[in-house]
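Student: I would like to learn how to read a structure like this one. Could we take a few features in turn?

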Amino acid sequence: MKENTCRQAAKRLTEYTGQESEANPIRILPVTTGKKLYLPLLLIGDEQESMIDRYLDRGEMFVMQDQTATPIAVAVVTDEGDGTLELKNLAVHPHFQRKGHGRRMIAHLCEHYKHRFHTLLAGTGDSRQTVSFYQNCGFAYSHTVPGFFLKNYDHPIIEDGKALKDMVYFKRRMADGR
Ligand SMILES: CC(C)(COP(=O)(O)OP(=O)(O)OC[C@H]1O[C@@H](n2cnc3c(N)ncnc32)[C@H](O)[C@@H]1OP(=O)(O)O)[C@@H](O)C(=O)NCCC(=O)NCCS
């Protein structure tokens, strides 16, 4: 009986971690309680805490850990209705950037949600690095919300040396593999 329970727990863990293997011990786990413990990472993706508070409770959150259980990336998504899931926050710790972890998190979200949602939407500032990232992950331009950063943030958000003004949305179909 006990052995069965252990096997079930191991199976559940494998299902959640998706790409975990001995060669690639990165794990992606859902976070249902204590989301604010990851605030330092969340602030990398969205630098104003009051803006994070707008979506954190209703959002579903995931953390990526390395083999030592160190959190290296987070993502928060919200159900926006009509089969659309929105990526509200995606952040990879600066020490771990440009190693494919952001792309891996996107792939995990698409795999995890592909039976419940058809579209993944992501809003970002108009900066070269994030636009390049989303394009590389199979997203295409969707629409722009003019003045979003000026209206909603209490201080200028500087990326690539310039203050962000508009929120630019990108979208991709969940089922498009990358
Ligand atoms: C944007 C971010 C999530 C990307 O995660 P990452 O793990 O560093 O990115 P990946 O290694 O998966 O990159 C995949 C591809 O995206 C593109 N890309 C990623 N970062 C880039 C950068 N700084 N400049 C240009 N292209 C970039 C590249 O094409 C890259 O492929 P390559 O390395 O083979 O050339 C991460 O840099 C980050 O957390 N940035 C700060 C917070 C943020 O801007 N969040 C996104 C908006 S909410």
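Student: Where is Ala69 placed?

Tutor: Keep in mind that this is a predicted model. Ala69 sits in the loop between strand E2 (60–65) and strand E3 (71–79).

Student: What is the phi of Ala69 near?

Tutor: For Ala69, phi is near 65°, a positive value in a residue other than glycine. Asp82 is another case: its phi is near 55°, again positive in a residue other than glycine. Asp82 belongs to the loop between E3 and E4.

Student: How do I read accessibility for these two residues? Is Asp82 buried or exposed?

Tutor: The general idea is a pair of cut-offs: under 20% relative accessible area is buried, over 50% is exposed, and what falls in between is partly exposed. Asp82 has 74% relative accessibility, so Asp82 counts as exposed. Ala69 has a relative accessible area of 41%, so Ala69 is partly exposed.

Student: Which strand holds Arg27, and how is Arg27 classed?

Tutor: Arg27 lies in strand E1, which covers residues 27–31. The relative accessible area of Arg27 is 22%, so Arg27 is partly exposed. Glu159, found in strand E7 (residues 158–159), has 25% relative accessibility and therefore also counts as partly exposed.

Student: Where is Arg172, and is Arg172 buried or exposed?

Tutor: Arg172 is in strand E9, residues 167–173. With 6% relative accessibility, Arg172 counts as buried, because the cut-off for that class is under 20%.

Student: Which backbone oxygen lies 3.0 Å from a polar atom of the side chain of Arg172?

Tutor: To read such a contact, note which atom belongs to the backbone and which to a side chain. In this case the backbone oxygen belongs to Cys137, and the polar atom 3.0 Å away belongs to the side chain of Arg172. As for sequence and space, Arg172 is 37 residues from Gln135 along the chain, with 9.5 Å between the C-alpha atoms.

Student: What polar contact does the side chain of Thr119 make?

Tutor: Here both partners are side chains. The side chain of Thr119 makes a polar contact with the side chain of His118, at 2.6 Å. Thr119 lies in strand E5 (residues 119–125) and has a relative accessible area of 12%, so Thr119 is buried.

Student: Which side chain is in polar contact with the side chain of His101?

Tutor: That partner is Arg104, and the distance between the two side chains is 3.1 Å. His101 is found in helix H4. The relative accessible area of His101 is 8%, so His101 is buried.

Student: Now the ligand. Which residues come nearest to the ligand?

Tutor: Start with the residues around the molecule, then pick out individual contacts. There are 18 residues around the ligand, and Val92, Arg98, Gly100, Gly102 and Ser132 come nearest. A ligand oxygen is 2.7 Å from a polar backbone atom of Arg98. A polar backbone atom of Gly102 is 2.8 Å from an oxygen of the ligand.

Student: How much of the ligand does the protein cover?

Tutor: On its own, the ligand has 900 Å² of accessible area, and the protein covers 81% of that. The space taken by the ligand is the largest pocket.

Student: Which elements give two or more residues to the shell around the ligand?

Tutor: They are helix H2 (39–45), strand E4 (84–92), helix H4 (101–113) and helix H5 (128–136). H5 gives the largest share, six residues.

Student: How do the residues of that shell divide by type?

Tutor: The shell around the ligand has six nonpolar, nine polar and three charged residues.

Key: Residues are numbered from 1 along each chain as its sequence is written. This is a predicted model: local features need pLDDT of at least 70, side-chain atom pairs count only at pLDDT 80 or more; totals for chains, interfaces and linings use all residues. Side-chain values use heavy atoms; hydrogens and water are left out. A residue is near a molecule or strand if one of its heavy atoms lies within 4 Å of it. A polar contact is a pair of N or O atoms within 3.5 Å; within protein, one must be able to donate a hydrogen and the other to accept it, and residues adjacent in sequence count only if both atoms are side-chain atoms. Accessible areas come from the Shrake-Rupley method with a 1.4 Å probe; for residues, only the protein chains shown count as cover. On a 1 Å grid over the protein atoms alone, a cavity is a set of points where a 1.4 Å probe fits but cannot get out, and a pocket is an open set with protein on both sides within 12 Å along at least five of seven lines; lining residues have an atom within 4 Å of a point. A molecule sits in a cavity or pocket if more than half of its atoms lie within 2 Å of its grid points. Helices (H or I, at least four residues) and strands (E, at least two) are DSSP runs, numbered from the N terminus. Ala, Val, Leu, Ile, Met, Phe, Trp, Tyr, Cys and Pro count as nonpolar, Asp, Glu, Lys and Arg as charged, and the others, Gly among them, as polar. Buried means under 20% relative accessible area, exposed over 50%, partly exposed in between (1.4 Å probe, protein chains only).
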